[in-house]
Amino acid sequence: MSHLREMCSSHGLVRAHARKDQWVTQNFDLDWRGFSYGIQPSVNHFAAARSLDVAGIDIYHPTQSHLTGIEIAFGGDLARSIRHGQNYLVIETEAQGFPEWTPYPGQLRLQAFSHLANGANMLEYWHWGTTTNAAETYWRGLLSQDSKPNPTYLEAATIGKDLAGLGPQLVNLRKHNRIAIYVSNQALTAFDAFKFGWGSRTTYNDVLRPFYDALYRMNAEADFIDPTTTDLSPYKLILVPALYAAPDSEIARLNAFAEQGGHLLYAFKSGFSDENVKVRFTTQPGLIAKAAGVEYSQFTIPESVSLEGDPYHVGPADNTARWWMEFLTPTTGTTVATYHHPAWGKYAAITRNTYGKGEVTYLGFMPSDALTEKIVEEAVKRANLWGPQQSLHYPTIMRSGTLTNGHEVHYLFNYTASPAQVSYLLPSGKDLLTNNPIQQHITITLPAWGAAIIEETTP
Amino acid sequence: MSHLREMCSSHGLVRAHARKDQWVTQNFDLDWRGFSYGIQPSVNHFAAARSLDVAGIDIYHPTQSHLTGIEIAFGGDLARSIRHGQNYLVIETEAQGFPEWTPYPGQLRLQAFSHLANGANMLEYWHWGTTTNAAETYWRGLLSQDSKPNPTYLEAATIGKDLAGLGPQLVNLRKHNRIAIYVSNQALTAFDAFKFGWGSRTTYNDVLRPFYDALYRMNAEADFIDPTTTDLSPYKLILVPALYAAPDSEIARLNAFAEQGGHLLYAFKSGFSDENVKVRFTTQPGLIAKAAGVEYSQFTIPESVSLEGDPYHVGPADNTARWWMEFLTPTTGTTVATYHHPAWGKYAAITRNTYGKGEVTYLGFMPSDALTEKIVEEAVKRANLWGPQQSLHYPTIMRSGTLTNGHEVHYLFNYTASPAQVSYLLPSGKDLLTNNPIQQHITITLPAWGAAIIEETTP
Amino acid sequence: MSHLREMCSSHGLVRAHARKDQWVTQNFDLDWRGFSYGIQPSVNHFAAARSLDVAGIDIYHPTQSHLTGIEIAFGGDLARSIRHGQNYLVIETEAQGFPEWTPYPGQLRLQAFSHLANGANMLEYWHWGTTTNAAETYWRGLLSQDSKPNPTYLEAATIGKDLAGLGPQLVNLRKHNRIAIYVSNQALTAFDAFKFGWGSRTTYNDVLRPFYDALYRMNAEADFIDPTTTDLSPYKLILVPALYAAPDSEIARLNAFAEQGGHLLYAFKSGFSDENVKVRFTTQPGLIAKAAGVEYSQFTIPESVSLEGDPYHVGPADNTARWWMEFLTPTTGTTVATYHHPAWGKYAAITRNTYGKGEVTYLGFMPSDALTEKIVEEAVKRANLWGPQQSLHYPTIMRSGTLTNGHEVHYLFNYTASPAQVSYLLPSGKDLLTNNPIQQHITITLPAWGAAIIEETTP
């Protein structure tokens, strides 16, 4: 908080000295694990972004055979969301990057259009030339120290050329997401103080990411929201993982969202403690119990625990619980899945409750990645949000929005080293990169690490 | 030592202010490895216990599929031994405990009776309710933060009910063990300064535990003794692992025990240095050489070393030396086993010597757990201590003693998740938990994690 | 450098107080990894050795089944080279050593003659008796703390007896190596500041050792040279691994060596930065590009990268690149091998260039150990240095030189636990240890860990 106060105060100083035509931004940094991983633990970006005119973000990520686009989407969705949908600047991202990140041919273009697809209005590489000494000698820019054109630089030049033409058309992309993923720096700080026990190194972001990644992989776009987001009406589905510390008022607002017809997916450890990290004296999960129709008073670390009968059909390797499990007993809710275990088989693992006009699903354990995706898929379907975008799946990625001319645009990406055949189910349009017409239901061939930008013909 | 002096001094202060009807105890803590593992390296419990009226102990241990009862027995045997057989208080043990310790149904009862079986006169959970904040939020008591009954609490209530009835009968259990395991905080401190070489993390307790565990698994109960134990006459067999630092007087007392008819099992590194951790100038193993009839001047860390001919029939995976091996040459002793190795095959691995009216076995290396058990079993048999209790083996555990009414009592435990059929070979009696008569030679069925308390009919 | 200045200054003080018949030495220590591994990172031995009258070295190494003789050869070649061929003193080496180093029968003799074979004029064990307390209690000398003869001591006595007779004949061995391996403390310090990226623990010595080890295994003896070595004329082949920081003048001297007819094998990252660790602004590999006829501006960490077509016939497990790869494009040079990889297959991995009367090979990546040996073997053959010594291969080791009587001597070692049959292809002579005549082309049987010292008959 003192960090934040200083930032706000510095911001006042900046404003006092800025010309009227000058604006303020900041290159926010994500949770760092050798690359950009999750929401920033040391600064609350939602709070800090209020002082800016436009948000900026640094996004670094693995490349080569490890390039997935997830970090680009995560960082972009966050930068856009902290300014409530406003477009953002990518103030730093990698060109050649670390030695292990030298991009394969095509990857730099794919990355650039992926940033745009999430709403970026600018793309700035760190940096142009590479320093010749000191700590960042191997944090390589577009040019190596010889300052001569190289394959990465030459590929960047093609991006520049494309954007010189298409930029005015593509800038200021608007999103209209109906799914939100709820994050909380307060919950993160409290959660990470305990993690999953003494010696555990698994953090809030480790829980958050599989839920975000599941949405990414099924091409279900989402906004990030946080405790300061008071208007939840744009959303039909909100995912709430590990909301470990929250006042009753915050949970009440989420519960009300369901009561008024929304779909809520709460995951374990949510509601456990209040805003002062005091564990609630009430039956768990605190005020969530009311909306979710479930309660528990015990939990453990799962060992050889699965879901009874593999209800999501993911197979024995993926039908597993990890890190945490709560011993759920439904009250007004119904049991969706129970644990398979000699001692814990009597407890529910997932429950669902009709609450007002809406529905609340409570997930009592941390599923495997594959199981997480199936549970999130079920939530998207129950919220009636499963659409033509979901006919595609990672490594084929589609990100959509509205251009300033009112036409819908669909970015299509192939995140693999082989060409991909993609069935296009959205309304007919034109590939802005090739000017080729794209009819609905045709099959588009994307090259390895390739992209298409399809603008619908009719607004 | 300054720690100890302070404790003794504080104790004087306490006495000065205590009423006549008040007494002094202390909740001693064991070597901590995420649970109670071995003797305490930072305090000499034998010395510290002299200031108390009654010893107290904290015992924390894995549960669920990792529950064995070993830590309960180890901590209990130690707490009883440091006050020379006096019953002790379990001042702290887990109820729900850490998240990974939430007990399976039946385990809390099994644990409670196991504490009694070792001589505990009290059982106190840490703690009743669980704190709602700070570091011990997840060190859970009988009640969760909701203060409502839960399965662990309800199982504890059945224990309380049983003890309300049986307590007066079971309290003040007396043990009459003929086996002792010799520990030394002086040896521990000296040993752990070197361990098994630069970079080694294997400590004195790692050597001690396999010997203790072997006794536990064969239901051969033992007392702990230490350098202050001057009367060795109650014992017929003493195990002495890694007595790394000891004055000649201490070894002479042990040797005299053998000379007068006792059985001694010395293990490697014993006698190596004096009480100032000065390695002896004499032929090794110092004064032990005389009683054991063996000597050596070289040693190494074994790599692919086994016992020639697998004399204990444990199979190739277990017929192995680890951590340390001495190049033994018997003098008056005989060779029990030699090493199998291209370069070290000429040296003895285990020797035995008749000494006065007794016998001294010297073990020159650290065996695998299975091999350790076979070597300890041989020692128990040679000391004529192999009895009907030894017809049972872990995971069936029997712990015995004398009740205040003069009758023998046998606690019978099933440390598995499946029911067990147990052949009862001791004199006939009655199960105090069910009031069922138990005839000698009948088969008793114990449920998963079940217990029986059989009081012999005839004193 | 301040360390070095202090040493030089101390040295002036020593000289001022020394008698005329006294001389100055120093027991240099190698890069320590639990044993002597590579060149010393904290002191530049070439610079420090100038103040001495004779170089001294400490060499500690694994024994038992891990004894290879490599550390003895490495440390010896270095100690000899830093004084330009002068014989050196082994001021410390292990007798019994650490517990895990207790030597197998025969190993102490093998080690002793191996030291002599590299040019040692003295062999001193650390130490005679073993200390009875403190940190080096387990750094054992010839005698254990009992000060009585033991097998290691008795074997040392046979060495002493042999040297009492043969010493005058064997002392002051001269080497005439035509291969040099170029090391640089300046490059080491600069390289290790970056290693192979953030978090990498792979150092300059990890790169150096596989090249040295390859020469050792093929019985191709070499001197170490460094930036202060101005006369390169004795050599026909110079290996230059990871010369990461060097002024142009240093590279120019190496290039001139090739121009005048020498063979140079440069390996990756050489020439990258100048003597101030500033990356060169020129095309890489800087001034090396001119002599090697190759250039690159990009590189990466190889993942699943091999050499196209396995040109060195090492099989798939060994035909691999690790740690680093540069994207080479030959200019005047020719491609010897290309990378096998979907994205990087267009780049050369190894190039070769005729330069003046000589030849320059550039290796753009770190090969597996087996592949390194094949590449070094090719270099030795192209330099016409493949001779009868190379008919033998590790674990049979031959080290040769000229005795003071002008006769050639060949030390022959069996670094295995089994007897070895060795075909002797050098001119006829006599085994000085047995006085047996050794005819050319006969087969010599060496016992396990055995040695022979064959002096040629004709000078």
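**View 1. The loop of chain A that holds A:W449.** A:W449 lies in the loop between β25 (443-446) and β26 (451-456) of chain A, where strands (E, at least two residues) and helices (H or I, at least four residues) are DSSP runs numbered from the N terminus. In this predicted model, local features need pLDDT of at least 70 and side-chain atom pairs count only at pLDDT 80 or more, while totals for chains, interfaces and linings use all residues; side-chain values use heavy atoms, with hydrogens and water left out, residues are numbered from 1 along each chain as its sequence is written, and chains are lettered from A and ligands numbered from 1 in the order in which they are written. Although A:W449 is not a glycine, its phi is positive, at about 50°. Most residues other than glycine have a negative phi, and most peptide bonds are trans. With a relative accessible area of 8%, A:W449 is buried (under 20% relative accessible area, computed with a 1.4 Å probe on protein chains only).

**View 2. C:N219, a residue of chain C with positive phi.** The loop between α7 (204-217) and β8 (222-225) of chain C contains C:N219, whose phi is near 55° although the residue is not glycine. C:N219 is buried, its relative accessible area being 2%.

**View 3. Two cis peptide bonds, one in chain A and one in chain C.** In chain A, the bond that joins A:Y394 and A:P395 is cis, with omega about 15°, and A:P395 is found in the loop between α10 (369-382) and β20 (396-402). In chain C, the cis bond joins C:W126 and C:H127, with omega about -10°, and C:H127 belongs to the loop between β6 (120-126) and α5 (151-170).

View 4. A:R399 counts as buried, at 2% relative accessibility. Its side chain is joined to that of A:D77 by a polar contact of 2.9 Å (a pair of N or O atoms within 3.5 Å; within protein, one must be able to donate a hydrogen and the other to accept it, and residues adjacent in sequence count only if both atoms are side-chain atoms). Not counting residues up to four places away in sequence, the residues that A:R399 touches include A:K175, A:Y212, A:Y216, A:E221 and A:H410, contact meaning heavy atoms within 4.5 Å.

**View 5. Chain C superposed on chain B.** A rotation of 120° with 0.1 Å of shift along its axis brings chain C onto chain B, with an RMSD of 0.0 Å. That is the relation of a three-fold axis, the copies being superposed by least squares on the C-alpha atoms of residues with pLDDT of at least 70 in both.

Definitions and conventions. Buried < 20%, exposed > 50% of the residue type's maximum accessible area, 1.4 Å probe, protein only.
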